[in-house]
Amino acid sequence: MTVITRFAPSPTGYFHAGSYRTALFSWIYARQNKGKFILRIEDTDKERSKKEYEENIVDSLKWLGLEYDEFYRQSDRTDIYMRYIKQMVASGHAYISTPEQELKISQDLARASGKNSKNSTETIQPRSSVIRFKNPNKKIVFNDSIRGRIEFDTTELGDFVIAKSEGEPVFHLVVVIDDHEMGITHIIRGEDHISNTPRQILIFEAIGAPIPQYAHIPLLLSADRSKLSKRRGAVPVSEYRSRGYLKEALINYLALLGWHPSDDKEILSVEEIISSFSLDRVQKSGAIFDEEKLKWFNRQYITKLADADFAEHARPFLPEWIVPKSDTFNKLIPVLRDKIVIFSDISAMFSANGELAFVKQINDYSKDSLLWKKNPNADQASKHLAEIRGLLKMLANDSFTAETTKQAVWPYVEANGKGDVLWPLRMAITGQDKSPDPFVSSALIGKDEVLRRIDTALGKLKS
RNA sequence: GGCCCUAUCGUCUAACGGCUAGGACAGCGGGUUUUCAAUCCGCUAAUCGGGGUUCGAUUCCCCGUAGGGCUACCA
């Protein structure tokens, strides 16, 4: 039997981490079993569904590499649903409930719930006719791959609605029809659907379809432990992308949220995840999404990136005046790779008070900041800077790199004290108390600019 | 309220019914170092409560408690 799984989002909000993990687990399971993975857009709610959200879902899945084998949109399939509804009515599994019957049902409901509520003055609107499922009122038992045996008494569900007044089928109906028509063998979805399962099984039975295997994965929670949702500020996956997270980090982190391999290995490639994944190692309880740990994963993957790939990811965040593939650009890459956690950190580093602001332009700084805090001595600082200037001046323009500059001055540095020499040099070159080391910084701005800035510093020290 | 699901460090988690309850993130402390970061080393920190079953419960059962989900002509 070919395994067929599906991801069935409603396009009523952006694709966020919770949706992503649900999709991921379904996709992994399909790939692991050499089966099929289907994307089905559940847009039966015309008011809330938006094309924009559907595009966001599709784009995000594409970015993450969760390729699907088939694509469906429920709004394109109304004919199929209507056919089933007719059949169900004909076979007595469903019936048309008239406005009069509906009025009575809502009155009964109001009476039942109004007993212990103070304001039972709620007015009952006239209703139109709907299609209701004829509930056989039986016990439903199913075996969940993650939770084991789950039992429900469906009596309390009553004859639930399966098609709205205008003849539009409702969620529970279309889900079942589609899962059946598409041959879904394994329904891997959020825990919030556990309570929906019995009525869906009832419909499967009514249309004479086999019951798929269910696996209800735990929910992703916000910091307050409520369900992670669009409305509660869940961050769209597309947002993580634009903040400069790597998809590998996101995949790795989300896979480990609710699932764990049999050893303690945490850095896992998609291939490794697919080969070691199993539903019985999926957690039963909800998990809070922790961006700090995501950042740690991102850092791990940045470290592994090849220079060219790193440069490609860094480009969108670099200021315009840095020309791609230029000398400065190439010198910058290793510096950035050492420092950033997410790629958008790069923008901050080039901002007015960022660590790399000095590359474009040096900000004014005080005379005192040129002095090393452990040994503040203006005469010595002056002397060191003058000596260093002399040594650097002898280097050729075209071989002014971090290595050559360091080589040129290192003996002097060693002989005169690292902090005493290097601190004033750092300040002279960058004007900042936080910066890369003076040699890397020198290479970034070039020989002429270095000499000019040292002169400025010497001027400050004299006054 | 009813029905259902869940419960191990702050967070994510590991532990055939049997070592001192292990790992990771964060936090804290230290090494390295010319600053910041990175990096390395170390430390703090948990089995929700009460009953059972058992020679022995994180683990199995029951009762509480807490959290979450569902309870629509939303999905």
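This is a predicted model: local features need pLDDT of at least 70, side-chain atom pairs count only at pLDDT 80 or more; totals for chains, interfaces and linings use all residues.
The surface near RNA strand B was examined first. Several secondary-structure elements each supply at least two residues. Two of these elements are strands, β7 (148-153) and β12 (287-288). The others are helices: α10 (291-304), α12 (327-339) and α16 (418-430). Helix α16 gives the largest share, with five residues.

Attention then turned to the packing of two helices. Such a pair is described by the angle between the axes and the distance between them. Helix α5 spans residues 171-181, and helix α6 spans residues 197-206. Their axes are 9 Å apart and meet at an angle of about 55°. The two helices are therefore oblique to each other. Their crossing is right-handed. On the α5 side, the contact is made by His-172, Leu-173, Val-175, Val-176 and His-180. On the α6 side, Arg-199, Gln-200, Ile-203 and Phe-204 take part. By class, this contact has five nonpolar residues, three polar and one charged.

Backbone geometry in the loops was considered next. Most residues other than glycine have a negative phi. Asn-137 has a positive phi, near 50°. The residue sits in the loop between β5 (130-133) and β6 (139-144). Asn-137 counts as partly exposed, because 13 C-beta neighbours lie inside 10 Å. Arg-225 also has a positive phi, near 75°. Its loop runs between β11 (220-221) and α7 (237-243). Arg-225 has 10 other C-beta atoms within 10 Å, so this residue is exposed.

Pro-136 is exposed, because 12 other C-beta atoms lie within 10 Å and a residue counts as exposed at 12 or fewer. Asn-137, with 13 such neighbours, is partly exposed. Pro-136 and Asp-159 are 23 residues apart along the chain. Their C-alpha atoms are separated by 8.8 Å.

How values were computed:
Residues are numbered from 1 along each chain as its sequence is written. Chains are lettered from A and ligands numbered from 1 in the order in which they are written. Helices (H or I, at least four residues) and strands (E, at least two) are DSSP runs, numbered from the N terminus. Axes are lines fitted to C-alpha atoms, for helices over the stretch in contact, and angles run from 0 to 180 degrees between N-to-C directions. Angles under 35 degrees count as roughly parallel, over 145 as roughly antiparallel, 65 to 115 as roughly perpendicular and the rest as oblique. A crossing is left-handed if the near helix is turned anticlockwise from the far one by less than a right angle, and right-handed if clockwise. Two residues are in contact if their C-beta atoms, placed from the backbone, lie within 7 Å. Ala, Val, Leu, Ile, Met, Phe, Trp, Tyr, Cys and Pro count as nonpolar, Asp, Glu, Lys and Arg as charged, and the others, Gly among them, as polar. A residue is buried if 20 or more other C-beta atoms lie within 10 Å of its own, exposed if 12 or fewer, and partly exposed in between; C-beta atoms are placed from the backbone.
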